[in-house]
Amino acid sequence: MPRKQSSKTPKQLLQGHQTDLSAWRKGGRVDPEKSVQNHQTPYSQKNDRQQDSLEQAFCYFEKVQDCVSLKKNSVLQKHLATVESIALQTGLPPEGFDVLLKVALSGKFADTVNTCLLKSLIPASVIPESSIVSSVSWLCIGKCSSNIQLLFFKWLITVFDFIDHKEQIHALYGFFFSFLQDEKMCPYVCHLLYLLTRKENVRPFRIRRLLDLQAKMGMQSHLQALLSLYKLFCPELVTITLPGKMKTYFKNCEGPWKAAINAIRRRSQSNSPLSQPLFLGTAQPQSRKRKWNTQLFIPASSTNRNDLEQNRGKNLVDLYSASKSFPVEQLQTFPQLLQNIHCLEFPSQMGSVITNPLLLHYMNCIKDESVYLRLNYWMGQTLQEECPWCVADNQYEDEFKDFLETVYKTECFLQEGFSSCEEFLYKSLPLWDGTCCRSQILRLVSWIPLSSSSEMKSHLYDPLAQLFFTSSLYFKCSVLESLKELLQNWLNWHVIHLDSVCDSQVCSSNTTLSGLVNMVAELIEFVGWISTVALRLENNTTFLLYFILDFYETVCDTYLRHSLPLLIMPPAGVFYPALLSMDSVSLNQLCYIMYRYRTNLVAAKENEQSKKKILQFKFSSQTYQEYNQYLIAMVGCLWTSTAFQKDIHPQGLRMDEELLKKTAVQEFRSSFNIVYHPAMMGYAVLFLQQAWPDDTTFNFSLIKGKKWNWYLEYLYAQGLKGLKLFIESSINRVSQASHSKAGNTQV
C-alpha cells in the first residue's frame, strides 16, 4: 500500500518538532537560547545524551536495508537496548513509531528483534495515524510472521486511544476484516473491529461471514460482540437471537504496554509537575490522576502547533476532505453544539466525554447506541483494571474515588446508569469490604439499570445483605438511602417511558410493565426484610427508622405518582416499631405513609370499579387486607384506645386483658393514644402548660371533649402534618359521640 515518504531523517524530524528530548518529556517547547543554558545542568546533560542516543537508533533502523542478525552485532544490540530503555523510562515520541513499525513489520530482522521493537512501542503522547496506515501497508506485503502480526494487533488494540486521528484507519476496515479467517487472530481482529465499526461498515456479506465463522467455531464471545454491534446498527440484517445484556466480550490483551504506560505515569507523579509528560492531552495543566484523567482531555494531533499555524489552510482542507465532521477540539459553546450537531463525531478517547457537558448534551439528544457501547467498553475496562480491591498492590484509592465520583455525576447528568458499571458492581461487590470507596460505590448502586431478577438477587442483594448485617449503623443507613434512590430512578424511568413503544432491539422482559413490576416488588421486599432484621439488631434506633420510613414514603405512592400498578405494605417488623416509637418524627412519618397508602388504594379501587383505568393490573386482596389491619391498629392506638382489644394482625398488639392487668400499668388501654403515647407526651405537657399555666400537676385527663379538639389543633400547629392528614382522612368519619367517648375513657 503506498504511503508518503518523508524527506527528513528521523533526527531531523525530532529536531523539527522540538530541539530537546527533555523538552518533549516536559510537554512544552524549547527556546533555543535557553536550551544552551539548560544543557549545563547534569539532569539536562543526561537528557541530551538520551536524545542523541535515540536519534542515532532511529537513524540506524531507518537505514537498515538487508537482513541483520542479532547475534554478534554489537551495533544492533546497542540501538535495540537504547530504544527499549528510553521507551520504558519516558515513552517514545510520535516521530519514532513510523520508523520502528516499518522495521518490525518489514521482516528485515528475526522475530526476536521484531518482538522487542513492538514491545517497545510505548507512547509518550500520541501516535500519528500515518504511522498506523504505513504499518498496515507492510502487513499487505506479508513479510512478517503470523506471530508478529498477532502481536501488532494486540499492540494496536492496547494503544487505540493514543492514536491522534481515526479517519484513515476507518478506511482500512475491510482489510482488517479479512484477517478474521485466521483462527488465532480472530479474537483480536474482532476486538479491533468492535472499536472501529460504524453503521456504514455493516454489510450483508460481512454478517454472513461472521455467521459462517460462528457455525464453524461455535458461540465465541468475540463473534457475539461484533454481531451484537452489527445488529444494533442494522437489526433488519441480523436476525439471529443474541444475548441482550452486555458481557465482557474481550479479554485484556496480553502485553507489556499498559503496565509500562502506568509505570511511566507513576514515575512522573513522583517528579516535579513540570517534568510530567503530557499524555493524550493538549498543553493544559496536567492532573495527578492516572488513566482516566489522562483520557479526559480531547487529544490534539501530534503535529507541532507552530506547523499547524503555518499550514492552517492546508490542514483544514485536508481535514474536511477526509471527513465532514466537526472537530470536537473546536467545540466550546452550546450554540456551537446546536449549529454542528448534525456533523459532530465523538472523539476516539471516550474518556473525554464524561467530563464534557456539551458532549453529554449531545449524547442525550442523539441517543446513538454505538456511543453508549464505546463508552461502556472503555469504562468497563478502566473499572476492571483500576479497582483497588480487585487488583493486587493497587494503592491509588483516592484516584479511584475521584473517577467513581465522575462516573456517578455523568450518570446523574444523563439520568441513566451504565451497563459497564452494573457489571463492575456485580463482580466487585462480593469482594468488597464495605469501607473502600463506600459512598461512591453505593451511589453507583443507585443507578443500576433494570436487569433480571435472578442476577439482582445473586449479584446485588446477597452481597449487600452480608455487608449490611455485619456493618455499622451508618453503613446500614447508607445502604437504605442508596436503595431508595435506586427505586426512585427505576420509577422515574417508568414514567419517562410510560407511553413509549418497546423497541425490538433493546426490549427485554425487564423493560416491559410486568418485568418492571416484578423488579420493583423484589427490591421492596428485600428492603423490608433487611429493615426488619436491622431494627432488631440496632434496638429500633430512631436514626435507622428514619431511613426505613423514608424508603416507604416512595413505596406508598408508586401507583399515583409513578403510574405503576403496585403497592406493597411495610412488614410488621417495620410498622409496629414505627407505631410504638418514642420519637414524634417517626410517628408522624408513619401517619403520612398510611395516608398516602389509603389515597393510592382508594384510587386503585375506584379505577377497578369504573373499569376505565389504563393499566390492566389489579391489587391483590391481601394488600387491602393488610392495610385494613394496620389501620385498625393505628386508630385503636392513637384514637379509640382499643388497640389491645381490636388489633387483628397476627403480629399485632392484641393481648388478653388478664395479662395486661399483670403489668400494673394504670389505664393501660389509653397508653398509646395521642395524649399518652411516648412520642406525643411531650406535646401534651406543653399543651397543658399553655392551657392551664397555674396547674403544675400535669393532669392529662383534662384533655377531653373540646379540649381534645384544641389539643389536635395544637398538634397540627407544631408541624405534625402527617398526623393531621391521617386523622382527617381515616378518622373523620368518627362521630362526635365517639370523640367524647374517647375522651371519657381517659378519665
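R596 counts as buried, its relative accessibility being 12%; buried means under 20% relative accessible area, exposed means over 50%, and partly exposed lies in between, as computed with a 1.4 Å probe on protein chains only. The structure is a predicted model, in which local features need pLDDT of at least 70 and side-chain atom pairs count only at pLDDT 80 or more, whereas totals for chains, interfaces and linings use all residues. Residues are numbered from 1 along each chain as its sequence is written, and side-chain values use heavy atoms, with hydrogens and water left out.

R596 forms a salt bridge with D557, and the closest N and O atoms of the two residues are 2.8 Å apart. R596 belongs to helix 30 (residues 584-610) and D557 to the loop between helix 28 and helix 29 (572-579), so that the pair links distant parts of the chain, 39 residues apart. A salt bridge here is a side-chain nitrogen of Lys or Arg within 4 Å of a carboxyl oxygen of Asp or Glu. Side chains of opposite charge can pair when their charged atoms come close. D557 also counts as buried, because its relative accessibility is 1%.

The chain has 37 helices and zero strands; helices (H or I, at least four residues) and strands (E, at least two) are DSSP runs, numbered from the N terminus. Of its 747 residues, 52% count as buried. The accessible surface of the chain comes to about 34,800 Å², and carbon and sulfur atoms account for 52% of that area; accessible areas come from the Shrake-Rupley method with a 1.4 Å probe, and for residues only the protein chains shown count as cover. Among contacts in the chain with a separation of 6 or more, 72% join residues 24 or more positions apart, where contact means heavy atoms within 4.5 Å.

Because 15 of its 18 residues are buried, helix 21 is largely enclosed by the rest of the structure.

By the rule given above, the count of salt bridges comes to 11. In one of them, the side chains of R443 and E405 meet at 2.3 Å, N to O. R443 lies in helix 24 and E405 in helix 22, so this pair ties together parts that are 38 residues apart in sequence. Helix 22 spans residues 397-414. The two partners fall into separate accessibility classes: E405 is buried, at 18%, while R443 is partly exposed, at 33%. When residues up to four places away in sequence are not counted, E405 touches Q440 and R443.

Another salt bridge joins the side chains of K484 and D550 at 3.0 Å, N to O. This pair also links distant parts of the chain, with K484 in helix 26 (residues 473-496) and D550 in helix 28, 66 residues apart. Both K484 and D550 are buried. The two residues take part in a network of salt bridges that links E481, K484, E485 and D550.

D433 is found in the loop between helix 23 (419-428) and helix 24 (438-445), and it is partly exposed, with a relative accessibility of 48%. A polar atom of the D433 side chain lies 2.9 Å from the backbone nitrogen of T435, and a polar atom of that side chain lies 3.2 Å from the backbone nitrogen of C436. The C-alpha atoms of D433 and S471 are separated by 9.7 Å, although the residues are 38 apart along the chain.

The loop between helix 27 (513-537) and helix 28 (542-555) holds N539 and N540. N539 has a positive phi of about 55° although it is not a glycine, and phi of N540, likewise a residue other than glycine, is near 55°. N539 counts as exposed, at 68% relative accessibility, whereas N540 counts as partly exposed, at 41%.

Finally, a search of the whole structure finds zero disulfides, a disulfide being a pair of cysteine sulfur atoms within 2.5 Å. Among the cysteines, C140 counts as partly exposed, at 39% relative accessibility.

Notes. Polar contact = N/O pair within 3.5 Å; in protein donor to acceptor, adjacent residues only side chain to side chain.
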